[in-house]
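Subject: Handover of a model

Hello,

Here is the model for your set. Please open it first, then read the notes below.

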Amino acid sequence: MRRFASASFLPPPATAAAEAALRFGAATTLVPRALALTASTCPWQRRHLCSSSSAAATAAAVEEARQGRKQMGATPQLYEYLLANVREHPVLRELREETAAMRGSQMQVSPAQAQLLAMLAQILGAQRCIEVGVYTGYSSLAVALALPESGRLVACERDERCLEVAKKYYQRAGVSHKVDVKHALAADSLKSLIDGGEANSYDFAFVDADKRMYEEYYELLLKLVRVGGLIVIDNVLWYGRVADPLVNDLKTISIRNFNKKLLEDNRVNISMVSSSHHISCLVYPIVIHHQTCKCKL
Ligand SMILES: C[S@@+](CC[C@H](N)C(=O)[O-])C[C@H]1O[C@@H](n2cnc3c(N)ncnc32)[C@H](O)[C@@H]1O
């Protein structure tokens with residue numbers, strides 16, 4: 001039995017022309033073989049927070065997040081360029097702007113990451129998705145927008161106030177009917193899905209919540225995601241800390257152990273992505289309906 005596990009994401013955008021193009025049509029292609037992607041990437045936000053990080057580096061990273069330069073490894077100039085070249089739905093942009101003023105805004109995936117998540121779901125032909133760790137909804141909204149009308153995204157989050165923001169933007173973007181919000185501890189929500197007979201019925205999952213629970217989420221998601229589906233796991237490089245033998249806090253150790261487990265787990269195929277902005281470009285051809293398409297290709 002093979003599944004894929006992969007991880008992480010992205011930044012925002014920009015042009016009006018690009019905005020209109022963001023609604024992905026229903027994907028129709030299913031992965032032909034039983035594969036599971038397990039990979040993850042380091043969040044752009046805290047790229048300077050590697051082991052040897054000084055207080056100054058930390059402050060720089062915080063300032064960077066505050067300003068929205070959330071692309072790991074990107075200079076301000078490169079980040080601006082990324083923003084100008086990533087398609088971001090206008091409602092995603094509004095959500096990103098509202099979230100920027102909120103506590104924890106550095107947790108939000110970047111627009112480029114969200115774009116990659118949405119494309120992965122689209123390539124998979126995903127109909128049924130799960131997100132663990134919604135925050136204010138940026139990544140979940142990006143995936144929901146990419147799902148067909150009949151698609152469903154189970155959005156697991158424990159923080160009610162964050163969910164209020166997320167739900168507002170699901171509605172604004174016209175995708176509320178696709179999102180099943182689970183306000184509870186994510187592990188409990190995932191267990192409920194399994195108990196409800198939904199094992200092996202999901203195509204795609206994104207994990208972006210408490211790091212010390214990754215192994216448990218992974219095992220639960222392996223039950224829920226079908227063979228040939230994809231599990232994307234954020235933050236597996238933990239801003240470089242996993243590679244620093246001098247860093248041994250509990251979260252870092254958990255992620256290190258989790259990565260080792262994935263490496264040795266022959267139930268899945270894995271791909272560890274070191275930084276989304278190192279990916280040159282993924283282009284997924286779509287059917288264009290000339291009367292309605294406003295895409296600038
Ligand atoms: C990194 S943020 C998610 C960011 C989100 N993917 C986005 O793009 O905006 C992590 C979220 O996980 C939630 N979380 C942490 N532990 C959780 C748990 N045990 N159950 C449910 N949600 C949890 C936090 O409340 C937080 O909102």
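Two residues are in contact here if their C-beta atoms, placed from the backbone, lie within 7 Å. By that rule, Val-143 touches Leu-117, Ala-118, Ala-121, Cys-129, Glu-131, Leu-153 and Phe-206, leaving out residues up to four places away in sequence.

Some ground rules. This is a predicted model: local features need pLDDT of at least 70, side-chain atom pairs count only at pLDDT 80 or more, and totals for chains, interfaces and linings use all residues. Residues are numbered from 1 along each chain as its sequence is written.

Overall picture

The protein has ten helices and eight strands. These are DSSP runs (helices H or I, at least four residues; strands E, at least two), numbered from the N terminus. Of the 297 residues, 49% are buried. Buried means 20 or more other C-beta atoms within 10 Å of the residue's own, again placed from the backbone. Of the contacts with a separation of 6 or more, 85% are between residues 24 or more positions apart.

Core

The largest nonpolar core has 75 residues. Such a core is a set of buried Ala, Val, Leu, Ile, Met, Phe, Trp, Tyr and Cys residues joined through C-beta atoms within 7 Å. Val-143 is among those with the most contacts inside it, along with Ala-121, Leu-141, Ala-205 and Leu-221. Helix 5 gives the most to this core, with eight residues.

Helix 5 on helix 6

Helix 5 (residues 111-124) packs on helix 6 at about 35°, with the axes 8 Å apart. Axes are lines fitted to C-alpha atoms over the stretch in contact, and angles run from 0 to 180 degrees between N-to-C directions. Helix 5 contributes Ala-114, Gln-115, Leu-117, Ala-118, Ala-121 and Gln-122; helix 6 contributes Tyr-138, Ser-139, Ala-142, Val-143, Leu-145 and Ala-146.

Ligand

Which residues come nearest to the ligand? Of the 20 around it, they are Met-107, Gly-133, Tyr-135, Ser-139 and Ala-186. Helix 6 (138-146) and strand 4 (152-157) are the elements that give two or more residues to this shell.

Most residues other than glycine have a negative phi. Trp-238 has a positive phi of about 50°, and Tyr-239 one of about 60°. Trp-238 counts as buried because it has 25 C-beta neighbours inside 10 Å. Tyr-239 has 22, so it is buried too.

Best wishes

Note on methods
A residue is near a molecule or strand if its C-beta atom, placed from the backbone, lies within 6 Å of it. A residue is buried if 20 or more other C-beta atoms lie within 10 Å of its own, exposed if 12 or fewer, and partly exposed in between; C-beta atoms are placed from the backbone.
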